[in-house]
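Hello,

Here is the structure I promised to pass on to you.

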Amino acid sequence: MIPRFQRFLFGAMLLAVVVMAVVLIRMRERAHDRLMMAVNTQPLTAPSSAPTERITLLVANDLDGSLIPVERSFPMPKDTNARARVLMQKLLEEYAAPKSTHPIANASGVDEVFLMPVPQLKGLMAVVNLNAAFVQAQPSGIEPETLTLLSMIATLHANLPQITEVRFLVNGQQKDTLAGHADLTRVYLTSDTQTAVKQ
Amino acid sequence: MTLCALLASAAAAAQDAPPQSNLPDMGKPPAVPSAPQVKPQYVVVLDAAHGDGDVGAQFSDKMLEKDLTLGLSVRLRQALASHDIQVVTTRDADVAVPMVTRAETANHAMAAACIALHATATGSGVHLFTSSLEPTASTKFLPWQSAQSAYVTQSLRLSSEISTALGHAAVPVTLGRTSLVPMDSFACPAVAVEIAPLVGGNTTKALPLTDVGYQDKIIDALTAALTQWKNDWRQQP
């Protein structure tokens with residue numbers, strides 16, 4: 001016959017297991033909710049409450065190697081870093097669209113844009129952090145890679161003229177080339193884009 | 001007699017007198033062979049991009065940029081050799097050649113022209129790229145990363161010459177500037193020639209990269225341009 005205290009101990013342990021299971025499930029749900037909230041707070045899209053502004057995208061054209069100014073109207077955030085990120089997002093959406101003049105099948109290729117002061121030039125350096133999926137989708141070649149970089153630099157400078165230099169990272173790391181050709185180890189000057197822009 | 005008159009008469013006497021020599025008379029002096037006129041060699045460097053594991057652009061399952069550039073390099077070398085142009089290539093097989101070695105090969109050759117061969121699936125015709133470095137004056141020692149800056153002006157003229165030749169062959173040309181390793185380390189007039197398929201238009205017929213006739217047209221135009229450059233490159237400022 002099982003002693004009474006053993007039966008009581010068994011019951012208490014069973015109850016503890018059930019309580020712990022419930023607590024763990026609840027904690028997992030909370031952690032999931034926290035992660036989802038963190039993702040949602042990233043400025044993936046411009047807030048709809050922001051005033052609509054006209055922005056200029058310098059869209060690359062593979063056929064003649066030029067950058068064509070295209071006017072668009074979007075609600076733009078006030079924060080400069082967020083504006084820079086939205087500009088890159090909108091530019092890549094142009095490239096991911098059907099019948100693009102510079103097709104790249106990845107519209108969410110820019111993870112973040114950081115702006116930092118350049119005291120010597122009294123301007124800002126933009127550090128554009130691309131993601132690996134975008135680099136994979138980028139067509140390989142001197143022209144397509146150069147045009148991708150120049151269009152990003154020119155779009156940033158056209159809308160945020162205080163940006164004078166641009167650097168590119170991939171997943172937060174320096175990479176030698178974008179897709180085997182265009183040099184990603186150097187700092188690009190916004191003046192580099194002047195010859196490519198079609199007036 | 002004044003001192004001036006004395007000096008003048010002494011000088012006249014020295015001019016009239018035969019030259020005196022302490023050397024024994026050896027009869028007629030042997031003819032001194034004139035120094036051979038040193039002509040700078042006209043060397044063209046061909047850099048077939050990529051190789052081995054670095055495949056470059058992938059056009060199909062079997063067609064890779066590294067193979068296309070190697071084939072073009074071999075055929076262009078033959079075409080230039082038939083015009084008595086000395087050619088140095090950075091790779092002759094499907095091997096990996098480090099970027100530094102490519103630049104070393106080009107710079108040791110002291111070339112009159114360095115042509116980096118590339119291919120891409122986008123755009124149309126031929127893309128000619130020169131370095132985006134700012135032109136600088138040539139000095140005895142050049143920084144490795146930006147040696148091309150001293151040759152940018154000549155590179156632009158070479159690019160213009162190739163563009164003209166391709167224009168005569170009815171191949172559309174796109175000109176551009178870029179930052180390309182190892183071209184920025186080349187101490188020679190350098191142009192990156194990137195071949196793209198020919199997009200059909202009102203007057204042109206669409207041709208793929210693999211079309212032999214299209215490739216021949218480009219090779220002939222490059223040969224004509226580099227033959228013309230042989231006459232022009234020394235005239236650079």
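Below is what I found, beginning with the conventions and then going through the two chains.

This is a predicted model, in which local features need pLDDT of at least 70 and side-chain atom pairs count only at pLDDT 80 or more, while totals for chains, interfaces and linings use all residues. Residues are numbered from 1 along each chain as its sequence is written, and chains are lettered from A and ligands numbered from 1 in the order in which they are written.

Let me start with chain B. Five helices and six strands make up its list of elements; helices (H or I, at least four residues) and strands (E, at least two) are DSSP runs, numbered from the N terminus. Along the sequence of chain B the order is α-β-α-β-α-β-β-α-β-β-α. The chain has 237 residues, and 40% of them count as buried (buried means 20 or more other C-beta atoms within 10 Å of the residue's own, exposed 12 or fewer, partly exposed in between, with C-beta atoms placed from the backbone). If you take the contacts in chain B between residues at least 6 apart in sequence, 77% join residues at least 24 apart. Contact here means that the C-beta atoms of two residues, placed from the backbone, lie within 7 Å.

Helix α5(B) (residues 212-232) has a packing partner in α4(B) (residues 152-168): their axes come within 8 Å and cross at roughly 140°. Axes are lines fitted to C-alpha atoms, for helices over the stretch in contact, and angles run from 0 to 180 degrees between N-to-C directions. The pair α4(B) and α5(B) is therefore oblique (under 35 degrees is roughly parallel, over 145 roughly antiparallel, 65 to 115 roughly perpendicular, and the rest oblique). On the α4(B) side the contact is made by L158(B), E161(B), I162(B), A165(B), L166(B) and H168(B), and on the α5(B) side the residues include A221(B), L222(B) and W229(B). By class, the residues of this contact between α4(B) and α5(B) are nine nonpolar, two polar and two charged; Ala, Val, Leu, Ile, Met, Phe, Trp, Tyr, Cys and Pro count as nonpolar, Asp, Glu, Lys and Arg as charged, and the others, Gly among them, as polar.

Helix α2(B) (residues 65-81) also packs on α5(B), at an angle of about 45° with the axes 10 Å apart. That makes α2(B) oblique to α5(B). Here L72(B), R75(B), L76(B), A79(B) and L80(B) of α2(B) meet Q215(B), I219(B), L222(B), T223(B) and L226(B) of α5(B). The contact of α2(B) with α5(B) has seven nonpolar, two polar and one charged residues. V74(B) also sits in helix α2 of chain B, and V74(B) is partly exposed, with 15 other C-beta atoms within 10 Å.

Now to chain A, which is divided into domain 1 (1-41) and domain 2 (52-193); such bounds come from an automatic or database domain assignment. The C-alpha centres of these two domains of chain A are 49 Å apart. S66(A) belongs to strand β2 (residues 66-75) of chain A. S66(A) is buried, with 20 other C-beta atoms within 10 Å. From S66(A) to S151(A) there are 85 residues in sequence, but 9.2 Å in space, C-alpha to C-alpha.

Finally, where the chains meet, 19 residues of chain A and 21 residues of chain B take part in the contact. The side of chain A that touches chain B has six nonpolar, seven polar and six charged residues.

Best wishes
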